[in-house]
Amino acid sequence: MLIQTTKLAKAPFGPLVFPSQFIFSSVSLISISNRKNPETVEGTVYFVSSLVNKPNWERNGHLKSLVSHMPPFAVHKIIELHNNNTELGVRFFKWVCRQSTYCYDIDSRIHLLNLIVSSNLFGIAHKVIIALIKECSNSENDMLKLMGSLDELREVGLRLNYPCYSLLLMGLAKVNMGLVYKKLVADGFVIGRIDYRTIINALCKNGVFEIMSKLDGCEPNSVTYSTLIHGLCEDGKLEEAFGLKEEMSRKGCLPTTRTYSVLLKAVCDIGLIDKAISLLDEMVRNGCKPNVYTYTALIDGLCREGKIEEANGIFRRMLQDGLSPGIITFNALINGYCKEGRIVSAFEIIGTDVAGEVVDVGEGVTNSKVGDKVIGVLNHLNGGGLAEFVVAKESLTTERPPEVSAAEGAGLLVAGLTAHQAVTQAAGINLDKTGDPKNILIPAASGGVGHYAVQLAKLGNTHVTATCGARNIEFVKSLGADEVLDYRTPDGKALKSPSGRKYDAVIHCATGIPWKTFEPNLSENGKVI
């Protein structure tokens, strides 16, 4: 299909904003009649306890004021009054630790935990311990304090449950994991495969590798091996990593796409391109289908070695496999062309989105006709969009609604579809407000993918934290983001939610942010997309 592109007065970077509906509600505080005097601490405890039973209590400004200077013993009394509702008790613990000036530091929170245990509220205590482990996992000193407190609580009858031990293994990966393992076994638990993988991950980070015990019948699988191979590659021990790949094959545990991809990237990083291509051929022979990550690692390695034509060959192979290149793939190709001085070719890659009018169609085109106003995505190998006429596939072209301008349409497809895929498929967000609530972080939220991701995420049951430059904060707020951080500020650089939330998913639209910045901000099952 031949399209005459629409000449735009300026680059099509204007955002397409989805209409949204905001519903405002007010919560009135109903004075309660209670035999306790609200002016006393005991009266305040009963009054706060009654407020906690109301809907949306966490947003109650009066309640925040009441607990802002509430000491741990008063908080404990409120939790005790709700001993029959474990979930509410734990929610209040987490919330009040962000509100009360007495409960900000780890010592005060541990004191509050001791009070909860003293009332035999073990169900609440176990969930509070899990929350504290997550909070302390980024601080060795805090984790050691918590461990000391848990030892003391064992003396008064508290026994940790399996989830507590499992999370401790993760939190103590860099402190003293062996101690936790011994206590876990001493309390009668049999360690599971997931926890072995946790240990292996931690040992990999520290450059220490041990054989998994076979006494309890927990044999390593392909995920375990791949994790260990990843750790060896990160530690620069490629010979050992390849040796482990051979060992897993001998033991009947076949390497997976992830196994090969990790090794392929590792050899590309040190310039062993021929070895990487051999690995790609081997994985295909063994029935492992390369994914976007596999191909992108090889394309990037070829471009860094100045082998741009070979990189284009791998890119074509990627398309033939039905895979959609990502931003990193295109960035690698652009970088490769620029290093070779082929600036025009680099610009052709950029012009992948087009808007225009159909001026001719080829045989087999059934859904488009001459004169249709369309938008489409181009394959840069067939020519970029920075031209008066372009050739596009019908399958990658759609009619442009009259209410959507050419500028809006030309800026929609790659960015919008990328955001849609990240929000719905990778993050698992339903766009009809159904499903479990999720906390989402979107760095670079004012960019092409980011500003679509904010709007799409808010169509779901989500709380969205976003980062952007100072000049775009109001714009990102207007898209519906619940919290917006200036990425140049300390909190913005640390990606910390102002409300203290942990993220279930990060739709990573920025560059140059290391994993160690994301890790302490993720929920237990949080992921970076």
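Is Gly-306 buried, partly exposed or exposed? Gly-306 counts as partly exposed, because its relative accessibility is 33%. For these words, buried means under 20% relative accessible area, exposed means over 50%, and partly exposed is in between, with a 1.4 Å probe and protein chains only.

Hello everyone, and let me stay with that glycine for a moment. Gly-306 sits in the loop between helix H15 (292–304) and helix H16 (308–320). Helices here are DSSP runs of H or I with at least four residues, strands are runs of E with at least two, and both are numbered from the N terminus. Glu-340 is 34 residues from Gly-306 along the chain, and their C-alpha atoms are separated by 7.1 Å.

Now, some ground rules. What we have is a predicted model, where local features need pLDDT of at least 70 and side-chain atom pairs count only at pLDDT 80 or more, while totals for chains, interfaces and linings use all residues. Residues are numbered from 1 along each chain as its sequence is written, and side-chain values use heavy atoms, with hydrogens and water left out.

How confident is the predictor? pLDDT is its confidence in each residue, from 0 to 100. The protein averages a pLDDT of 78, and 78% of the residues score at least 70. Over residues 8–38, though, the pLDDT is below 50, and this stretch has 31 contacts in the model beyond near neighbours in sequence. A contact means heavy atoms within 4.5 Å. Residues 205–218 also stay under 50, and for them the model has 30 contacts beyond four places in sequence.

Next, the overall picture. The protein has 24 helices and ten strands. Of its 529 residues, 42% count as buried. Among contacts with a separation of 6 or more, 61% come from residues 24 or more positions apart.

Let's go inside. A nonpolar core, as used here, is a set of buried Ala, Val, Leu, Ile, Met, Phe, Trp, Tyr and Cys residues joined through side-chain atoms within 4.5 Å. Which residues touch the most other members of the largest nonpolar core? They are Phe-92, Leu-113 and Ile-116, in a core of 46 residues. Elements that give two or more residues to this core include helix H1 (41–52), helix H5 (106–118) and helix H8 (162–171). H6 gives the most, with eight residues. As for Leu-113, its contacts, not counting residues up to four places away in sequence, are Ala-125, Val-128, Ile-129, Leu-132, Leu-150 and Leu-153. There is also a second, separate core of 40 residues, which includes Tyr-225, Met-248, Tyr-295 and Leu-302.

In the model, residues 221–255 are 74% helix and 0% strand, with end C-alpha atoms 10 Å apart. Residues 291–325 are 74% helix and 0% strand, and their end C-alpha atoms lie 10 Å apart.

On to the strands. Two strands pair if DSSP finds at least two bridges between them. Strand E7 (residues 462–468) is largely enclosed by the rest of the structure, because seven of its seven residues are buried. On one side are Thr-462, Val-464, Ala-466 and Cys-468, and on the other are His-463, Thr-465 and Thr-467. E6 and E7 run parallel and are joined by five bridges, with Leu-441 opposite Thr-465 in E7. Strand E6 (residues 438–442) also runs parallel to strand E9 (residues 503–506), with two bridges, and there Leu-441 has Val-506 as its bridge partner. E9 then pairs in the parallel sense with strand E10 (residues 522–528) over three bridges, and one partner pair is Tyr-503 with Leu-522 in E10.

Asn-120 has a positive phi of about 60° although it is not a glycine. Asn-120 lies in the loop between H5 and H6, and it is exposed, at 55% relative accessible area. Leu-495 also has a positive phi of about 60° without being a glycine. Leu-495 is in the loop between helix H23 (490–494) and E9, but it counts as buried, at 3%.

Methods:
pLDDT = per-residue confidence, 0-100.
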